[in-house]
Amino acid sequence: TQEVTWTNPAAPSPGAPAPIPQPVPPVDRFNPASVTRRNSKLNTIPGAPSNLDPESEARLRQFQQDRYGTVQGVQRNLGGLDAAIRAPGAAFPPPPTNAFPPPPGAPPPGVVMGQPPSGLPPAPAVKAPTAAASGAPPVSQHRFRAMPHLARNMGLVASTVQVWIGLIILSSNTYRAGVTIVCDPPLGPCADGQPQTLEWSSPYGLGMGFWCLVGGSAMLYFEYWTFARPVVQVAPFLWKVRLGAYLILGVPGFLTAYPTDSNSSLMPPILGSVYYMIVAGITAISAFFARTPTAKEWAWPWFTSDAQKKKLVEEGGKVSSFEELLTTIPKQAISLFEKGMLPRLIFLTWYSMLNIVLGLEAYNRHKNSVLGKALRGVEPANELLQKVGAGQWFPFAKLFGQLLNLNCTVMVLPVVRGLVMRLHNITSFKGTPWLLKWIPFV
């Protein structure tokens with residue numbers, strides 16, 4: 001261990017001031033006389049260290065003399081340089097003049113800014129690199145980079161509508177085979193009071209029903225095959241195949257809607273044809289003007305494949321079955337409550353149930369209304385309307401209309417910022433009514 005001791009210094013005699021220690025002059029290695037001054041100063045201080053030994057002092061003096069001679073030689077050389085510069089006829093210092101000095105960065109005399117010096121060969125022309133030469137895609141491809149995704153999503157919607165139209169045509173006897181009714185006076189007014197045959201033929205109903213159903217299903221599978229399978233298909237020629245398929249599927253709907261015989265027109269397929277023509281236009285832009293997406297950008301898996309499940313298990317993960325998911329619902333509820341997300345889940349569940357209840361209520365109310373019964377030919381009884389199946393879709397239309405009324409009303413809330421801020425401010429104070437306690441969690 002290191003011990004530190006302290007000795008009380010001798011007190012000065014009473015009445016005499018304490019001596020003020022003088023600093024010891026440092027040793028200058030370039031001046032030999034500094035050693036003598038230092039030693040003489042140390043000799044005058046009581047208790048100061050002794051002088052250097054003669055051998056060390058001799059070495060220090062020799063080192064100082066050598067260094068001092070080098071410094072004197074450098075000073076003599078610099079003095080000669082100064083004399084050479086100031087000799088008669090020398091260019092330094094420059095003669096006095098009244099001209100202003102050139103600004104910083106100015107060109108040398110005789111050189112004009114923006115022009116090459118005279119006597120130099122002309123510089124070769126340099127062409128700006130084009131997008132093709134630099135390897136960068138054209139600007140149009142960058143601007144239309146989102147069009148392929150729009151074409152895919154709208155194609156899925158159009159194919160779903162086409163499949164739905166096919167199911168409606170095949171399930172309706174009127175669209176599928178036409179209507180032939182003998183009009184008697186009990187069924188309605190007839191010409192001259194005589195029985196009359198009312199006929200509406202549908203020669204394209206059965207064929208168009210299968211065309212819409214099979215064609216829409218094929219396009220749905222084709223789109224699913226390109227982006228949802230483990231191997232994503234992004235070959236450029238597939239865009240031309242997609243464009244041709246949409247055009248082929250969309251043309252027959254216009255032909256059957258406006259045939260040569262106006263008594264045999266079939267109108268439902270024209271809706272899918274209009275959708276397909278819009279998608280075909282967007283697909284054409286994607287195929288010829290836009291940058292096609294990569295496999296990573298185009299991938300959109302809907303389901304987990306067996307290979308992905310196996311890879312997940314090999315990496316230490318776990319694939320849960322449906323029964324295991326049901327048993328973990330209480331644990332998930334507790335976890336959501338701890339994270340503060342349970343109120344939001346309860347609100348979304350309640351809102352979904354509200355949509356279902358209001359939709360079913362509107363369906364039942366309009367189906368049993370006076371107008372709904374009259375459209376179906378139930379009350380008053382109408383055999384013609386009952387035979388053709390009229391009015392069956394009336395309550396469905398009212399169901400979706402009720403859902404639009406609710407959701408479009410709720411959609412106004414996110415854009416009314418003043419009202420939303422006011423509601424949050426109200427719920428931030430104590431004593432908030434229980435009716436408004438759910439607002440902070442939405």
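**Pocket, cavity and helix packing**

Biologist: What is the volume of the second largest pocket?

Modeller: This is a predicted model: local features need pLDDT of at least 70, side-chain atom pairs count only at pLDDT 80 or more, and totals for chains, interfaces and linings use all residues. Residues are numbered from 1 along each chain as its sequence is written, and side-chain values use heavy atoms, leaving out hydrogens and water. A pocket is an open set of points on a 1 Å grid over the protein atoms alone, with protein on both sides within 12 Å along at least five of seven lines. Volume is the space filled by probe spheres set on points joined across faces, edges and corners, and here it is about 320 Å³.

Biologist: Which element gives the most to the lining of that second largest pocket?

Modeller: Lining residues have an atom within 4 Å of a point; here they include Ser 171, Asn 173, Tyr 175, Gly 389 and Trp 393. Helices are DSSP runs (H or I, at least four residues), strands likewise (E, at least two), numbered from the N terminus. Two elements give two or more residues, α5 (147–171) and α6 (173–177). The most, three residues, comes from α6.

Biologist: How many residues of the lining of the second largest pocket are polar?

Modeller: Ala, Val, Leu, Ile, Met, Phe, Trp, Tyr, Cys and Pro count as nonpolar, Asp, Glu, Lys and Arg as charged, and the others, Gly among them, as polar. The lining has no charged residues and five nonpolar. The polar count is seven.

Biologist: Which helix gives the largest share of the lining of the largest cavity?

Modeller: A cavity is a set of points where a 1.4 Å probe fits but cannot get out. There is one of 30 Å³ or more, with a volume of about 30 Å³. Its lining includes Gln 233, Arg 242 and Trp 298. Three lining residues come from helix α8.

Biologist: Is Glu 223 buried or exposed?

Modeller: Glu 223 lies in helix α7 (residues 205–227). Beyond four places in sequence, it touches Arg 152, Leu 156, Arg 242, Tyr 246 and Trp 298 (contact: heavy atoms within 4.5 Å). Buried means under 20% relative accessible area, exposed over 50%, partly exposed in between, with a 1.4 Å probe and protein chains only. Because its relative accessibility is 0%, Glu 223 counts as buried.

Biologist: At what angle do the axes of α14 and α17 cross?

Modeller: Axes are lines fitted to C-alpha atoms, for helices over the stretch in contact, and angles run from 0 to 180 degrees between N-to-C directions. The crossing is right-handed, that is, the near helix is turned clockwise from the far one by less than a right angle. The contact holds 13 nonpolar, five polar and four charged residues. The axes come within 8 Å and cross at roughly 145°.

Biologist: What separates the C-alpha atoms of Leu 403 and Ile 356?

Modeller: Leu 403 is found in helix α17. Neighbours within four places aside, Leu 403 contacts Asn 355 and Gly 359. Leu 403 and Ile 356 are 47 residues apart along the chain, and their C-alpha atoms are separated by 8.6 Å.

Biologist: What is omega for the peptide bond from Glu 379 to Pro 380?

Modeller: Most peptide bonds are trans. Pro 380 is found in the loop between α15 (370–376) and α16 (383–388). The bond from Glu 379 to Pro 380 is cis, with omega near -5°.
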